[in-house]
Amino acid sequence: MTSKVSRRNFLKTSMVFVGGAALSACQPTATAAPSAAPKPGATTAPAATTVPVGPAPKVTIWFPAAPCGDGSNAERLAAVKKVIQDAINVDVNGVIAPPGTAGTEKLNLMITSKTEDLDVFEGDWSQYKDLIIPLNDLLDKYGQNVLKAFPKDLWGTMKDSTGKIYGWPRGFTYNHTNKIWFRTDWLNELKLKMPETIDETEKVIAEFKKAKPDSVVLTSNHTDLMRCTLGGFTEFGYSSWVDPKDKMLKPYFLQPGYEDWLAKMVDWWNKGWFQKETFANVDIRAQLKTLNVGVYPGWYSRITLWWEQIRADGNLTKEDYGFFNGVKGPKGFAQSVIPSGNSAYMITRKCKNPEAVIKYLDWVLTGVPKDNTNSIVSAYGVENTDWKWIDKSKGVFQHLISECGKRYDGQLLLHKGYPEVYWLAADASGKINRHQEHIYKYSLDFSTGKMPVDFDVPYDVAAIRKQFPGLNDFNTLIDQELVKFLTGQRPLTQWADFIKQVQGAGLDQWSQLYTEQFRKYHPA
Amino acid sequence: MDQIDLSLPKISPSFPPKKSGQFLETLRGLKRDRFYYLLIILPLLYFLVFRYLPMLGVVIAFQDYDPFLGIEGFWTSPWVGFTHFTNFIKSIFFWRIIGNTLIISGLKLLFGFPAPIILALLLNEVRSTLFKRAVQNISYLPHFLSMVVVAGLVRSMLTVQGGLFNQIVRLFGGDPIAFLTYPEYFRGILVGTTLWQEIGWGAILYLAAMSTINIELYEAAAMDGANKFQQALNITLPGIAYVIAIQLIFSIGGLLNAGFEQILLLYSPGVYGVADIIDTYVYRNGLLGRQYSFAAAVGLFKSLIALLLMVGANRVAKWVGQPGLW
């Protein structure tokens, strides 16, 4: 028997489905929040009369670079949330960011989204000034521990010229990040000592190349290469500088000595020392895995985290990297210190509970630097379950759960830099984590790098861009042309043409606008 | 015997229908075909909500839009007129990104447009069904790979250390080349990748069109002594000319879509000079640089040019005797 669906029946059925869907879409979200449903025996009186403590205000934090990729074990995350909620009655949540530029893209969309919660995120506060709130009153009222936890100079970089504080410091002034790493097993094998100067570095690279023809110099990008080496050739290193001729601030590449550095790097390139894709989004991890990277002037965590993982996975006991702290060139220290600048954690303008954010941060930083317990809870989980103290007075603790998928992955964290410099973590086997040991040892030592001239100036880039709409183009032009020079696509004989090109792109305007802001902090 | 009525039907005194009559007629039509009108409501809503309403957002191209204000910002953000358009036209990269967009698209059109037609013509002549199906399947499978996967494959194949192409270069005694870092190779890689990914998928439409050609035409041509090449040239190609014309109009309309994802995943500062297109520029300034109004202005500029191109292509198609899109 066959059945025929009449138009009338079809329409009736369709209406039922459409109506049902519409009704369910209009339902309150009670089913999604079972706690809101009345329990057996409970009255339907307002929550305020039945719950002794008011509902926990919700706080949502942006969490980039999740070490485990997928984030925390659900049970461990819930346990950390409970510790926080029991202590201060705040419901803290973390949003795991996608890697790379996709993360920036998602963050920019979420900051302004009307439907997605996002209260705290990290970045350059001057770029987000219109999208965030000043924190002076909140910090005065709820954040006394926060104010004490960071050095005064860092707070200085969080303020605009009117004294408004727009965030709390993320990180600090970095001198531990850009070192020139060498394969120590190759140095030993070839009976070479760890280079202490740029000249010695060149000799070692040449010896490596002779003994290991496939060996290469690899760097994260041209900016990191400059941070590792430019100071050896110029007075100010990788920094803007004040031109004594006209007292105006100028970009780093115009300072005397920059061309010498460029010529040296082009020479390295022409000799075939650099890995050929090193300035083109090279996959650092894949390159390290080839075991052909003899010298790595670049960002430290590629060695302290990625290389460590490669060693562990490949059971590599002999192969390793090391560095000399304070390599020098003809003009002094090769390394340039990275100012903390405007790097901050910020609260979005759409945040509904900013006081809860500061309360949570204040709780995290309670007792720092002597007692870092709460900050470690926010980073690594519940004391004595996820980690335990080995020596509380020295800040040394041990992870009890290390495995991804089983551990809490730190997604409720809202601090980096301080107070991490006061900790030292050992893994479940008792071994100190190389990454943290590196930070612990080198992060507060600024004696081996060049401090940028404007390290204490929090430039308001958004304001500069309003007056100089071509700022992004200007920066892109410099990036692309410097890479062309480095890789020999543009001969050094065209340097003067490049300078003319940069002038045409707005060099004078750049100089004028940055000098104006610089002078607010450094009067002439 | 019944008399046959040969008179003309009586004309209603209200013919032609008055306006009120037209209205009633429309109502009657609506009632009669209500089932079809109901069916079309959802698709129309889809286009209205997801295609036309978002177009209101272009207003931010003329404002200094504050994203925190959401839709409210459309009428409360300060009006700046054509400032963002002027800034874009004054940009040092204006001519470069316009040029790159047109050159990359042009190259893709030049090589990518005829390639599926040629493949379809060749496949049409294959007599072994098994071979034909196998080639079809193999050639259109890459279309289903996401661009992220394709970019990963391209990077792996072209990398200096262990990449397939550099292994071949080494085999012939050459030095490895970092293909993706050299401007002279970059556009070729883009076009080659697009060809590889889309040739099979593009051929499907032409094969379908070829199947509608009357087989008797081929038989007649064969009897007249036409060889296979002459048959393809004089029967098959004219038989699918209308599809080629429509596809060409679409391709020209999309000329400013030079392959955003592909370029974004493969380029680096060293090749910006030949690879930076309108979409990557919008991405860097808009989504990464948070200049939403500026990015909207650039996007609107691009859409207007694309519209002009499409109208122009449609006119040309009609001029040469093809049906065109409208």
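The exercises below concern a disulfide and a sheet in a predicted model.

**Exercise 1.** Find how many disulfides there are over all chains, and state which parts of the chain are linked.

*Solution.* Step 1: a pair of cysteine sulfur atoms counts as a disulfide if they lie within 2.5 Å. Step 2: the sulfur atoms of A:C68 and A:C404 are 2.0 Å apart, and the two residues form a disulfide. Step 3: the count over all chains is 1. Step 4: A:C68 sits in the loop between β1 (58–63) and α3 (74–88) of chain A, while A:C404 sits in the loop between β15 (396–399) and β16 (424–426) of chain A. These are distant parts of the chain, 336 residues apart. Step 5: the angle about the S-S bond is -85 degrees, and the link is left-handed.

**Exercise 2.** Decide whether A:C68 is buried or exposed, and classify A:C404 in the same way.

*Solution.* Step 1: buried means under 20% relative accessible area, exposed over 50%, and partly exposed in between. Step 2: A:C68 has 16% relative accessibility, so A:C68 is buried. Step 3: A:C404 has a relative accessible area of 42%, so A:C404 is partly exposed.

**Exercise 3.** Describe the sheet that contains β15 of chain A.

*Solution.* Step 1: the sheet is open and has 3 strands in the order β14-β15-β16 (chain A), with mixed pairing. Step 2: β14 (387–391) and β16 of chain A each pair on one side only, so they are the edge strands. Step 3: β15(A) and β16(A) run parallel and are joined by 3 bridges; in one bridge, A:Q398 has A:A426 in β16(A) as its partner. Step 4: helix α15 (residues 373–380) of chain A lies across β14 and β15 of chain A, at about 140 degrees to β14(A).

Technical notes
Residues numbered from 1 in each chain as written. Chains lettered and ligands numbered in written order. Predicted model: local features only at pLDDT ≥ 70, side-chain atom pairs only at ≥ 80, totals over all residues. Heavy atoms only, no water. Helix = DSSP H or I, 4+ residues; strand = E, 2+ residues; numbered from the N terminus. Buried < 20%, exposed > 50% of the residue type's maximum accessible area, 1.4 Å probe, protein only. Pairing = 2+ DSSP bridges. Contact = heavy atoms within 4.5 Å. Axes fitted to C-alpha atoms, helices over the stretch in contact; angles between N-to-C directions.
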